[in-house]
Structures are given as C-alpha cells and as structure tokens.
Amino acid sequence: MRTPTLVLCATLLAAVGVPLALHAQQPPEVVAAAEKKDAPKKKPVPKVAKPPATPAKVFFGAAKTPAPLTAKSIGFYAKGCLAGGTALPIDGPAWQAMRLSRNRNWGHPELVRLVEKLANEAKARDGWPGLLVGDLSQPRGGPMLTGHASHQVGLDADIWLTPMPNRRLTEKEREDLSATSMLAADKVSVDREIWKPEHVRLIKRAASYTSVERIFVHPAIKKALCEDTAKDTDRAWLSKVRPMWGHYYHFHVRIVCPPGSTNCEHQPAPASEDGCGAEVDRWIALIKRPEKPAGPPAPPKPGISLDQLPGECKAVLASGDPAAAASIAASEKPVEKAKAPAPNKSADVSKKSTEKK
C-alpha cells in the first residue's frame, strides 16, 4: 500500500509546482537558470527626452547693460560676444543714432571711435551733413533676437545712406523714419536721382581707414562705385567694398580685431583687386535671375546655444548680473533621471503565499 501513497504525494507536489525529486536531480547551473527565468522581470526605465538648449540670443537679448570687464571682442563676427562695450552717444555733432528701442548702439571702443571719426570727417571734408547710424551691437554683443547674423563682437556698424537732417530727430521719428533705397526700378542699378557723388566720397572715406576690414554694399552700389571712380588713380580702397545681398539703403562697416582681443577671430583679407570686373558682373547676374516659386516655409533653425559660443561668453553674460548668472545656471541644470517603477508588492505577497502552500 505504500507505493500508491508515494505516487499520490509526488503527484500532489508536482501539481503545486514543487517537483522536489526531479528538482533535486538537476545540475546546479540548470536550477539557477530556471530560477532566473521564473524571477519577475524588471520593467524598463522610461527615457526622458533632453529639452532643447535655450538659444544664446535669449540671454544676450535680455542684457541691458555692458559687461563690466576690460574691452574685448571675443570670437568671430557671427559667433561671439563683447566684453566692456561702449555706447555710441545717441546724438553727436555729426551723427544721430536710430532705432533706439533696439538698444544696439554698443560696440568695442575702437568701433565707436571710428564711427565718430567718420561722421566728423565726412561732414568737414566730403559735404556729408551727418550720419544716421543704424545697428552696432547689443550691450554684450552675442546673437540677436531679430535681424543680423553678424554684429556679435562689437566690430560691425550699419551706416544709413540717407543724409542726416539739419535738426534733431525725435525718438518716434528715429523708430518710424524709413531709410532711402538707392536702387532704381530695375533693381540692378542705382537711381541717379538719389545716388550722389557725396555717397561715393562717404564710402571711400570709410574704406580708406586702415582699421576697416570690409564694407558691404548692394551689388548695384558696388557697380556704381566702380563706374563713378573709373578715371581715379586711387582705387585700392575698392577692394574692401564687397557686394552683398540687401545693403541697398545702408552700408555695413566692419573693422579688424582690436589690440588686446586675443580671442577675436580675424577674417581673411579681401583680394587686392578692385572687384570691378568679373566679380561685380557675377553678382549682377545673380540678382537678374528670376525668383523661384515660393515653396512651403522651411522649419525654423535652432538658434546658436551658449555652448556653441566661445567659453568666455558665459562669463561675459554673468559678469555684474546675478540674475543672468542664475538663469544660465538653471539652463545648464542636468535633467533628472527617471526612477525605475516601484515593485508590485501585491504580486510579491501573492507569490510568497503561493510558495508557502
């Protein structure tokens, strides 16, 4: 009678999942593998998407005052910042600053001195009544919320081709007054009713300064400069005047990296030739091309982040501005990792109770 009893016990044990005799006969590695297989599986930890970096233009656009540091241009004209910036006075004996609400009348002291010098000398010697000065840089340079890709290191200035009136403009006029386009109806030549010899003398004077690296103008203006100086013996300055899209109501002055700005990136010098032959012809041909049909708008490009600018630019932003320093620190706070889901205690209790039976 014992044999049936033993068989019955083995059958009952197997039914509840405890095949003791068979389990004992298995090799240890097989037993371990079986136990591992039976163990509850861990749920994967969900991945947390890293938020996009705050564009650097947000920080620099919020800066209202210059960095209280030694004057330095840091980085490249289109990827950098400005320490120790100086404001061009909004009024001078031969200039008036425009678009005051933008707070972009800041530059390296060398640039501010050059703009003042150009204004005074052009008025005294070239018959130009005075400069209307557009954008220089923001107080701490850097990328702008709107407009320019360059103008970031305090070495660029836009000078209107509209002569300054013989009175002080109001703040509202400085916001609302439109600059005058120099282009004729064909868009590939200047309007000779508007373009005057004084324009040529003004741009020539700016290009003649040794610290000026480049001057950007519309190709039609470059062509007019070439035509109007064809008989001149001194044409070396024309090599600095470069054709560029836009720039038909102002010219863009860019100066070289100043002494002491060791982390300022120089731009290669322009070619020594005057650019009045094939170069300007190529640009005019580009302008004459028919416009392509407008397609769907391209998705906005992500702005330059602080990490993409020279390392010194974080210090420039934070210097003398605790709020900016705190804002930068908050933007760099690492993303908190997601925690693994808590184990299901009720399932564990149920399992243990089953094992005890």
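## Disulfides, cores and a loop contact

Cys313 is buried, with a relative accessible area of 1%. The model described here is a predicted one, and its average pLDDT is 86, with 79% of the residues scoring at least 70.

**The disulfide of Cys81 and Cys313**

- Cys313 forms a disulfide with Cys81, and the two sulfur atoms lie 2.2 Å apart.
- This pair links distant parts of the chain, since Cys81 sits in strand β2 (residues 79-83) and Cys313 in helix α10 (residues 312-318), 232 residues apart.
- The torsion about the S-S bond of Cys81 and Cys313 is about -95°, and therefore this disulfide is left-handed.
- Cys81 has a relative accessible area of 0%, so this residue is buried, the cut-off being under 20%.

**The other two disulfides and the pairing**

- Cys226 and Cys276 form a disulfide with their sulfur atoms 2.0 Å apart, and the link is left-handed, with -80° about the S-S bond.
- This pair also joins distant parts of the chain, with Cys226 in helix α8 (residues 219-228) and Cys276 in the loop between β11 (250-255) and α9 (278-288), 50 residues apart.
- Cys226 counts as buried, at 8% relative accessibility.
- Cys257 and Cys264 form a disulfide whose sulfur atoms are 2.0 Å apart, and with -70° about the S-S bond this link is left-handed.
- Cys257 counts as buried at 8% relative accessibility, and Cys264 counts as buried at 8% as well.
- When the bonded cysteines of the protein are numbered in sequence order, the pairing reads 1-6, 2-5, 3-4.

**The nonpolar cores**

- The largest nonpolar core has 43 residues, of which Leu131, Trp195, Ile203, Ile215, Ile221, Leu225 and Phe251 touch the most other members.
- At least two residues of this core come from each of α5 (109-125), β7 (131-133), β8 (156-160), α7 (197-208), β9 (212-217), α8 and β11, and α5 supplies the largest share, 7 residues.
- Ile221 touches Leu161, Met182, Val190, Trp195, Ile203, His247 and Tyr248, when residues up to four places away in sequence are not counted.
- A second, separate core of 13 residues includes Ala56, Cys81, Ala83 and Ile328, and Cys81 is also the disulfide partner of Cys313.

- Leu69 lies in the loop between α4 (56-62) and β1 (72-76).
- At 40% relative accessibility this residue falls between the cut-offs of 20% and 50%, and so Leu69 counts as partly exposed.
- Leaving out residues up to four places away in sequence, Leu69 touches Ala83, Gly84, Val316 and Ser319; among them, Ala83 is also included in the second core.
- Leu69 and Ser319 are 250 residues apart along the chain, while their C-alpha atoms are separated by 7.7 Å.

**Confidence in the model**

- Over residues 6-10 the pLDDT stays under 50, and for this stretch the model has 0 contacts beyond four places in sequence.

Note on methods: Residues numbered from 1 in each chain as written. Predicted model: local features only at pLDDT ≥ 70, side-chain atom pairs only at ≥ 80, totals over all residues. Heavy atoms only, no water. Disulfide = S-S within 2.5 Å. Helix = DSSP H or I, 4+ residues; strand = E, 2+ residues; numbered from the N terminus. Buried < 20%, exposed > 50% of the residue type's maximum accessible area, 1.4 Å probe, protein only. Core = buried A, V, L, I, M, F, W, Y, C linked by side-chain atoms within 4.5 Å. Contact = heavy atoms within 4.5 Å. pLDDT = per-residue confidence, 0-100.
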